[in-house]
Amino acid sequence: MEKLLELLNELYPDVDFATYDARRDGPLIQSLEMVELITEIEQRFDIEFPPSVMGDPEHFYSAAAIWALIERLEDE
């Protein structure tokens, strides 16, 4: 999780991802930024996001949600 938080803080230095949740705080990541974020995560964690995951915004509501997805994809 620490590695993910470092990445998120690099991309969005003004956001506290320890507490941020899009359901409560509103959307943060726009579609073009989502492509950049997914690409960075895939490279840093050596995983590949299937198209079905990218179409579901719930996976990106919070750092914890992203981390859960990363762990699931690493196990596949």
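**Figure 1. The salt bridge between Arg23 and Asp21.** Arg23 forms a salt bridge with Asp21, their closest N and O atoms lying 2.7 Å apart; a salt bridge is a side-chain nitrogen of Lys or Arg within 4 Å of a carboxyl oxygen of Asp or Glu. Arg23 is exposed, at 60% relative accessibility, whereas Asp21 is buried, with a relative accessible area of 14%. Buried denotes under 20% relative accessible area, exposed over 50%, and partly exposed the range in between, with a 1.4 Å probe and protein chains only. This is a predicted model, in which local features need pLDDT of at least 70 and side-chain atom pairs count only at pLDDT 80 or more, while totals for chains, interfaces and linings use all residues. Residues are numbered from 1 along each chain as its sequence is written, and side-chain values use heavy atoms, with hydrogens and water left out.

**Figure 2. The salt bridge between Arg44 and Glu10.** The closest N and O atoms of Arg44 and Glu10 are 2.7 Å apart in this salt bridge. Arg44 belongs to helix 3 (residues 31-45) and Glu10 to helix 1 (residues 2-11), so the pair ties together parts that are 34 residues apart in sequence. Helices (H or I, at least four residues) and strands (E, at least two) are DSSP runs, numbered from the N terminus. Arg44 is partly exposed, with a relative accessible area of 29%, and Glu10 is exposed, at 53%. Glu10, Glu40 and Arg44 are linked in a network of salt bridges.

**Figure 3. The salt bridge between Glu76 and Arg72.** In this pair, the closest N and O atoms are 3.6 Å apart. Glu76 is exposed, with a relative accessible area of 67%, while Arg72 is partly exposed at 38%. A search of the whole structure finds 5 salt bridges.

**Figure 4. A negative surface patch.** Asp46, Glu71, Glu74 and Asp75 form this patch. Patches consist of residues with over 30% relative accessible area and no salt bridge, like charges being joined within 9 Å; Asp and Glu count as negative. Glu74 is found in helix 5 (residues 63-75) and is partly exposed, with a relative accessible area of 41%.

**Figure 5. The overall fold.** The protein has 5 helices and 0 strands, in the sequence pattern α-α-α-α-α. Along its principal axes, the C-alpha trace spans about 30 × 25 × 20 Å. Buried residues make up 37% of the 76 residues in the protein.

Note on methods:
Patches are made of residues with over 30% relative accessible area and no salt bridge: like charges are joined within 9 Å, nonpolar side chains (Val, Leu, Ile, Met, Phe, Trp, Tyr) within 5 Å. Accessible areas come from the Shrake-Rupley method with a 1.4 Å probe; for residues, only the protein chains shown count as cover. The place of a charge is taken as NZ of Lys, CZ of Arg, CG of Asp or CD of Glu.
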